[in-house]
Structures are given as structure tokens and as C-alpha cells.
Amino acid sequence: MGLLPLDRIMVAVPVFVRLLAFFYFDPLLGGRRVPFQAKVALALVFAFMISQAVPGRGLSVDMGAVELAASIAGEVMIGLSMGFMVRVVFAGIEMAGQVLGFQMGFSIVNVLDQTRDGQVSITGQFFDFMAVIFYLSINAHHFLFRAVVRSFEAVPALGFMGFRAGFPEFIIAHTGKMLVLAIVLAAPGIVTLFLLNCAIGLMARTFPQMNIFVIGFPITVMAGLMVVLTCMPFMGDVFIRAFDTAWKAVDSTIGFMS
């Protein structure tokens, strides 16, 4: 018997497809943070590790082209759906940083993010990095991998028949929580900078000879940075609640598939 029997390879293929689709939206492996070759290699290793421990059937030479395409598409949908639920939370955290950076006057101070082929707010990227570091510090990635493995118990390999009714509404509701998360994280800075801008506006009316643009910009930036530093000790609790929401959303997604 060879090192990798054909029957084991045929079982590992749908597992590999689901894992690779999940890695596409994974907050650690998504985008271009990790080379595509590394994602494929990691998905292959995990697929062969768990393919014999999860229920389901493998590919068969008797499968037609339509059945094969539908089965692979189902595995892709499962992986993308679970990864999307987590990625939305990180998008909300980054949005909070972008809004706060705009209020601080950093709308023209963007950095090139090679993982997304575009420019992003420097404060948004800072918030995203903080979320990733905290995500790793509490071993949240272990939970997600266990959730992917658990999805094979709800939907065996090549056994996807579609989502139950109410899943589109669930996605919309979960996406709406991203906006709530962004507002919660950015609210202290927005309120502080709004009041500060009002005070600067009153100063400009009271002392018209003062060059308020030269004075106001560094004050606004300094105040925004002070708010971020002051709120950092409390961001951990917000991140925990956000990740808990993501984990529940992943569990709910698995429930909609069973």
C-alpha cells in the first residue's frame, strides 16, 4: 500500500476545499497576509490530518461533472460562510479606526496595504493589528479550527444540501452588528473630537486673527491619540464581546447547514 492511498486522497479532497475556502476569509490567513502557496500547504496538511476522523464520503469516479461541480461548490460555500462571520467582526474594528482617523484629520494620511491592493487608514490598520494580536493572545484561532472540524459533523463531506430558511436574514443581522461594533469603539473619540472642534470653532470666532488651522490640527491629532491611549485598556473587553459574537455566528451558521 502506498504512502497516500487513493481512497484517502479522494476523501481528503472535499475536506481540503472546505478548509481552503475558510482560510480565504480567515482574519489571520485571509487576503495576502499569507502567500497562497502557504494556505494551500496548510489546508492540505489539515485535510489529511482530519479526513479519516470526520464523517462523509469522498470523490468517486462515478460522479458526473454536474454532481462534482455542485459538491465542490457546496464545500466552498460552507467554508466561505463560516469565514465571513469572523471577517465581518474584524471589518467593524477596522472601520472604527477609519472613522476615528477621519475625525483626527488623518483622512489624507493613508498607507498602502499590499494585502488589499489599496490604501487604508493608518488608524484603521492600527486597530486591525490590535485585534489580531488580541485574537492570538486568547487562542481564538483554536476555536475556529475546532468549529471547522465540527462543521463536518453537521454537514459531512460532500453532503451539503443548502442552507435552511432564514440564513440571508441572519447574515444581514450579523453584518449590522459590524456597524454597532464600529460605533462602540469609535464613540469616545468621536464625542471628544466633536466637542474639541466646537471649542476650536468658538476660539476662531473669538480671536479671528488667530490662524486656527495651524493650531487646531496638532491639537486635534494629540487629543485623538490621547483618547486611543486612554481607551486601550478597555478595548480588550470590547474585543472579547466581539469575538464571542463571531463564535456564536459561526455556530449558528453550522446550525443553518444541518
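**After H4**

Tutor: Asparagine 139 follows H4 and has a positive phi, near 60°. This is a predicted model, in which local features need pLDDT of at least 70, side-chain atom pairs count only at pLDDT 80 or more, and totals for chains, interfaces and linings use all residues. Residues are numbered from 1 along each chain as its sequence is written, and side-chain values use heavy atoms, with hydrogens and water left out.

Student: Where does asparagine 139 sit, and what counts as a helix here?

Tutor: Asparagine 139 is in the loop between H4 and helix H5 (140-154). Helices (H or I, at least four residues) and strands (E, at least two) are DSSP runs, numbered from the N terminus.

Student: Is asparagine 139 buried, partly exposed or exposed?

Tutor: Partly exposed, at 40% relative accessibility. Buried means under 20% relative accessible area, exposed over 50%, and partly exposed in between (1.4 Å probe, protein chains only).

Student: And H4 itself, which residues are buried there?

Tutor: The buried ones are Thr123, Gly124, Gln125, Phe127, Asp128, Met130, Ala131, Val132 and Tyr135. Threonine 123 has a relative accessible area of 10%.

Student: What does the side chain of threonine 123 lie 2.5 Å from?

Tutor: A polar atom of that side chain lies 2.5 Å from the backbone oxygen of glycine 97. A polar contact is a pair of N or O atoms within 3.5 Å; within protein, one must be able to donate a hydrogen and the other to accept it, and residues adjacent in sequence count only if both atoms are side-chain atoms.

Student: New topic. How far apart are the ends of H3?

Tutor: The end C-alpha atoms of H3 (residues 65-104) are 55 Å apart, which agrees with the 58 Å that its 40 residues should span at 1.5 Å a residue. The expected span is 1.5 Å times one less than the number of residues. H3 still has a kink of about 25°, centred on phenylalanine 84. The bend at a residue is the angle between axes fitted to the seven residues ending there and the seven starting there.

Student: And which residue comes just after H3?

Tutor: Glycine 105, with a positive phi of about 95°. Within H3 there is also glycine 92, which is buried at a relative accessible area of 0%. Its C-alpha is 8.1 Å from that of lysine 177, 85 residues away in sequence.

Student: How does H7 do on the span check?

Tutor: H7 falls short: with 46 residues a straight helix would reach 68 Å, but the end C-alpha atoms are only 58 Å apart. H7 has a kink of about 55°, centred on proline 233.

Student: How many cavities are there of 30 Å³ or more?

Tutor: One. The largest cavity holds about 40 Å³ of space. On a 1 Å grid over the protein atoms alone, a cavity is a set of points where a 1.4 Å probe fits but cannot get out, and lining residues have an atom within 4 Å of a point. Grid points are joined across faces, edges and corners, and a volume is the space filled by probe spheres set on the points.

Student: What lines the largest cavity?

Tutor: Its lining includes Leu100, Phe127, Leu185 and Met235. Helix H6 (167-206) and helix H7 (212-257) each supply at least two lining residues.

Student: And the whole chain, how many helices and strands?

Tutor: Seven helices and two strands, and buried residues make up 41% of the 258 residues.

Definitions and conventions: 1 Å grid on protein atoms, 1.4 Å probe; cavity = no way out; pocket = protein on both sides within 12 Å on 5 of 7 lines; lining within 4 Å.
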